[in-house]
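The structure comes first, and the text follows it.

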Amino acid sequence: MKMINTFKLYQNLNFIFKVAILHLLLFFSIEESNGQNGQYILDASSNSGSPSSVTTNTQGITPFTHNRKSVRSRYLYLANELYNEGADTEGGQISSLAFNISELTADFEITDYNITIAQVSSTTLPNNMNTLPGSVLVKTISSLNITQIGWFEIEFDTFFDWDGISNLVVEICKTNTTVGSPLPSNVKVEATNFSSGDNRTWALYTTSNSSSSANGCSMIASGNPSNTSALSPSSNRRVRPNIRFTFKCNGNPVGGIATYKDESSICVGEDVEIQIVEGEKSSGLLYQWQSSTDGINFINISGANSAKLTVERQEVNMYYKRATACCCSDLTYIDSLPYFVAGINTWDGSFWSFGVEPSDDQPVKITGNFDTAVNGDLVEACSLFIESGTFIVRNEHTVQLKNRIKVAQGVEVIFENNSSLVQEDDLAINEGVIKYKRNSQPLRLLDYTYWSSPVSNQTPISFSPGTPTNRIYHWNHSAAVQNWQNGVHNIPMIAGKGYIIRTPNGFPSTGTGQVFNGLFVGVPNNGEIVVATQGKNSDALGPNYWNLLGNPYPSAIDSHAFLLQNASKIDGTIHYWTHNSSPSGVYPGSNALNYNSNDYATYNLTGSVGLGDAAGTVTDPNDPSYGVNQQEPGRYIGAGQSFMVAGGEDVGEGTVKFSNSMRTIGENKQFFRTSDTNDSSLNSDNEKHRIWLEVKHENGAFKQTLIGYVEGATNGLDWGFDGKFLGNSPVAIYSVVEDKKLIIQGRGLPFDENDFMPLGFSATIAGSFQLNLYKYDGLFQNQNVFIVDTQTGTIHNIKDGVYSFISESGVFNDRFVLRFTNETLSIDPVDSTSKDLICYSENEIIFIKTVNQNLESINVYDASGRVLSINKNVNSKELTIGNLQKNNQLLLVEVTFENGVKSTRKLIF
């Protein structure tokens with residue numbers, strides 16, 4: 001966005017200066033706009049003394065509401081009350097009145113009433129309904145409907161001339177004898193309760209609906225006609241409904257101040273409605289709206305003669321004001337103070353209409369081709385409307401909006417892989433379709449990718465049409481199911497929910513794999529998104545319940561923000577499927593080919609644990625153990641990414657919430673691919689000092705664990721800092737806290753070099769293993785790290801290199817201790833030589849191995865004591881025996897070490 005029109009830049013700066021001057025004018029003019037010219041509200045504040053405000057629906061007090069055949073009510077309003085509200089002694093023509101409706105349970109119809117007004121000198125109402133001299137019938141009501149709370153305006157048929165001196169009596173009477181609607185709680189009005197003896201209301205009404213009676217306008221005294229009663233008790237007579245009188249314009253009206261009616265339309269770039277505040281309230285007004293590009297020279301807008309003005313937003317800043325005149329007098333127009341309406345910064349394919357790039361408080365419109373690689377890598381705006389042209393957001397570029405994005409029908413908007421659309425307002429409603437590209441990690445034919453849609457109305461099968469429909473699944477999270485289910489291929493993907501989709505047909509079945517180029521098409525998701533989840537039941541011995549969730553936005557989200565927002569509903573550790581290994585018969589499962597459940601990478605507030613193929617030990621891409629996706633997850637969850645998370649403890653069914661506050665600019669690279677910013681940002685929030693240990697088997701099996709000293713964690717079990725070890729791994733290294741196996745453990749600060757913790761080890765295969773310090777950060781840059789092998793008594797500084805050991809298959813929760821000093825440990829060294837021995841069989845061969853002492857001789861016996869094999873002068877640390885027939889019988893393997901120590905192992909062969 002480097003092409004700037006110099007003239008428009010100068011023009012824009014000129015606008016800014018004029019806006020500042022205008023705002024000063026507005027500020028200093030408000031003090032001169034007191035009062036409600038031509039319109040006066042008479043309520044408790046209009047009177048001296050201490051009258052109080054009340055609401056009422058009392059028979060005879062509340063206008064129009066009755067449940068009798070006849071009713072006649074009078075209300076007294078003093079001239080002093082009008083003066084107190086700004087009226088003067090010149091008087092004027094009253095054109096309407098209004099009552100303030102405070103409660104309304106349903107629409108209320110008014111039928112068959114007359115309203116008359118008279119001028120009197122008395123300051124109290126007499127206790128009779130004698131005819132008032134000079135009274136004028138101002139309104140005959142056949143039918144009116146009260147439909148909402150607020151001021152209910154009644155425009156007069158005949159204007160009433162107030163002399164500016166007299167008090168006013170307003171009379172409302174019923175013109176027929178039809179029984180009205182029920183009175184209680186249907187409609188109430190605001191009223192004023194005056195002091196005792198200050199009678200402002202007088203009413204007559206029929207006491208019986210069965211007897212004949214005259215209409216209300218004919219009643220003149222209590223008992224005349226028959227069954228007529230006066231308003232009682234006396235306390236009711238001092239309660240009077242509040243009223244608003246509107247006078248016909250006479251003279252020079254008040255101009256007022258122009259302003260927006262609804263400021264929400266400013267940001268989104270829509271047409272705005274301008275209204276006048278502090279303006280003339282009287283009736284009989286004429287209007288003329290005017291516009292200007294400089295705030296000084298105004299011209300009339302043809303046909304703009306209403307009280308309000310709807311303005312179509314321009315590509316430049318504009319000013320608007322309204323001129324007001326009294327009808328049919330000398331037509332002297334009085335101007336309002338003008339209002340500045342920000343324009344829409346518009347890109348026409350070459351230039352911005354403002355002469356400068358958009359700012360985040362401006363709406364933006366695109367009418368020509370726009371490419372972030374050519375025209376600017378970051379678009380910041382209040383809102384974005386792409387009306388025409390092609391709009392392309394390139395790799396790792398961001399569009400950042402406060403409000404919505406709107407795309408005209410037929411316009412192509414493309415967000416390339418790793419690009420981002422970030423929005424702030426959760427209530428903004430997007431319109432129109434975008435294309436959002438998302439590339440997978442390299443995939444082989446039988447791999448699954450965990451997807452989540454960043455747009456609405458995207459079906460899985462239209463996203464990956466080459467995938468067999470029965471190989472598209474969602475995770476049914478309900479407690480009764482907790483399993484994969486297909487049949488969702490043609491159903492729009494639910495925002496925030498995850499789906500697994502197998503690689504399309506035609507992809508290679510072996511090798512390094514091929515990237516799948518995904519394309520989401522739909523309206524981009526925005527705002528708060530709530531997804532149902534299943535937590536663990538109150539039975540502490542029950543299983544974990546899993547949920548497949550996903551990032552619902554076309555931008556990355558902060559996993560920390562997501563976890564903390566939903567801490568009461570889910571576990572604090574996220575698990576990402578990596579499709580690292582090809583399906584194979586060697587993995588547990590009910591099928592001929594099963595997926596490796598160890599292919600989940602793990603992340604929480606302490607950090608991440610990835611996986612691999614023994615750090616490159618397996619180099620043949622056709623080997624099922626070859627890892628095609630060995631990246632560690634980072635803090636930010638990329639667009640389109642779904643993940644597994646366990647439900648919280650004792651929460652049962654629940655929901656999690658995503659919101660725009662979790663969205664982040666950038667950080668949207670390939671699924672949990674580590675970047676410098678993605679990793680280093682972990683240390684920006686709180687203090688962390690971490691070490692990553694990994695165990696590797698000689699055949700390439702691999703597992704990693706993380707121990708971190710982290711601000712906010714303790715040495716006990718902590719939500720969000722400790723991640724449970726899920727098991728089902730051929731080899732594993734893990735820490736142990738409160739008898740729980742952890743793949744990630746957060747520990748409390750400050751760090752103490754005398755701290756230590758047990759490390760467990762498990763393997764489904766026997767053989768030679770290595771422990772390696774994969775990486776470390778923080779204070780461990782200068783801190784020794786020791787591994788203690790409790791079986792051999794060995795203390796090894798793992799920062800000096802790997803530690804090699806041998807082991808049988810099994811679970812050994814106290815095999816190792818992690819320490820940070822090399823002080824002597826209280827480890828029982830008895831028969832450490834024999835503990836260094838491992839014996840196992842594989843492929844009809846018996847393996848005998850040791851680490852430290854050489855083997856002197858090895859004899860093999862069956863259960864009866866018969867010698868099956870004699871091996872002398874071995875003089876090596878390992879021996880294989882392959883000349884025995886396998887009969888699934890118990891064998892005894894007797895080993896003599898070169899130091900004379902003997903040990904016997906049992907073996908089924």
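For surface patches, Asp and Glu count as negative, and like charges are joined within 9 Å among residues with over 30% relative accessible area and no salt bridge. The model examined here is predicted.

**Surface patches**

Asp360, Asp361, Glu380 and Glu424 together form a negative surface patch. One of these residues, glutamate 424, sits in the loop between β31 (420–423) and β32 (434–443). Glutamate 424 has 46% relative accessibility and therefore counts as partly exposed.

A nonpolar surface patch of about 200 Å² is built from Val433, Leu519 and Val521. Of its members, valine 521 belongs to strand β37, which covers residues 514–522. The relative accessible area of valine 521 is 34%, so the residue is partly exposed.

**Disulfides**

A disulfide is a covalent bond between the sulfur atoms of two cysteines. Searching the whole structure gives three disulfides. Counting bonded cysteines along the chain, the pattern is 1-2, 3-5, 4-6. The table lists the pairs with their sulfur distances.

| Cysteine pair | S to S distance |
|---|---|
| cysteine 173 and cysteine 217 | 2.0 Å |
| cysteine 249 and cysteine 326 | 1.6 Å |
| cysteine 267 and cysteine 382 | 2.1 Å |

The disulfide between cysteine 173 and cysteine 217 is right-handed, with 90° about the S-S bond. This pair connects distant parts of the chain, 44 residues apart: cysteine 173 is in strand β8 (residues 167–174), and cysteine 217 is in the loop between β10 (201–206) and β11 (228–230). The accessibility of the two ends is as follows. Cysteine 173 counts as buried because its relative accessibility is 3%. Cysteine 217, at 24% relative accessibility, counts as partly exposed.

For cysteine 249 and cysteine 326, the angle about the S-S bond is -40°, and the link is left-handed. Cysteine 249 and cysteine 326 are both buried.

The link of cysteine 267 and cysteine 382 is left-handed, at -120° about the S-S bond. Its ends are 115 residues apart and join distant parts of the chain, with cysteine 267 in helix α4 (residues 264–268) and cysteine 382 in the loop between β25 (378–381) and β26 (383–386). Cysteine 267 has 14% relative accessibility, so the residue counts as buried. Cysteine 382 is buried as well, because its relative accessible area is 8%. The cut-off behind these labels is under 20% relative accessible area for buried.

**Other cysteines**

Two further cysteines have accessibility values. Cysteine 327 has a relative accessible area of 26% and is therefore partly exposed. Cysteine 839 has a relative accessible area of 7%, so this residue is buried.

Definitions and conventions: Residues are numbered from 1 along each chain as its sequence is written. This is a predicted model: local features need pLDDT of at least 70, side-chain atom pairs count only at pLDDT 80 or more; totals for chains, interfaces and linings use all residues. Side-chain values use heavy atoms; hydrogens and water are left out. A disulfide is a pair of cysteine sulfur atoms within 2.5 Å. Helices (H or I, at least four residues) and strands (E, at least two) are DSSP runs, numbered from the N terminus. Buried means under 20% relative accessible area, exposed over 50%, partly exposed in between (1.4 Å probe, protein chains only). Patches are made of residues with over 30% relative accessible area and no salt bridge: like charges are joined within 9 Å, nonpolar side chains (Val, Leu, Ile, Met, Phe, Trp, Tyr) within 5 Å. Accessible areas come from the Shrake-Rupley method with a 1.4 Å probe; for residues, only the protein chains shown count as cover. A salt bridge is a side-chain nitrogen of Lys or Arg within 4 Å of a carboxyl oxygen of Asp or Glu. The place of a charge is taken as NZ of Lys, CZ of Arg, CG of Asp or CD of Glu.
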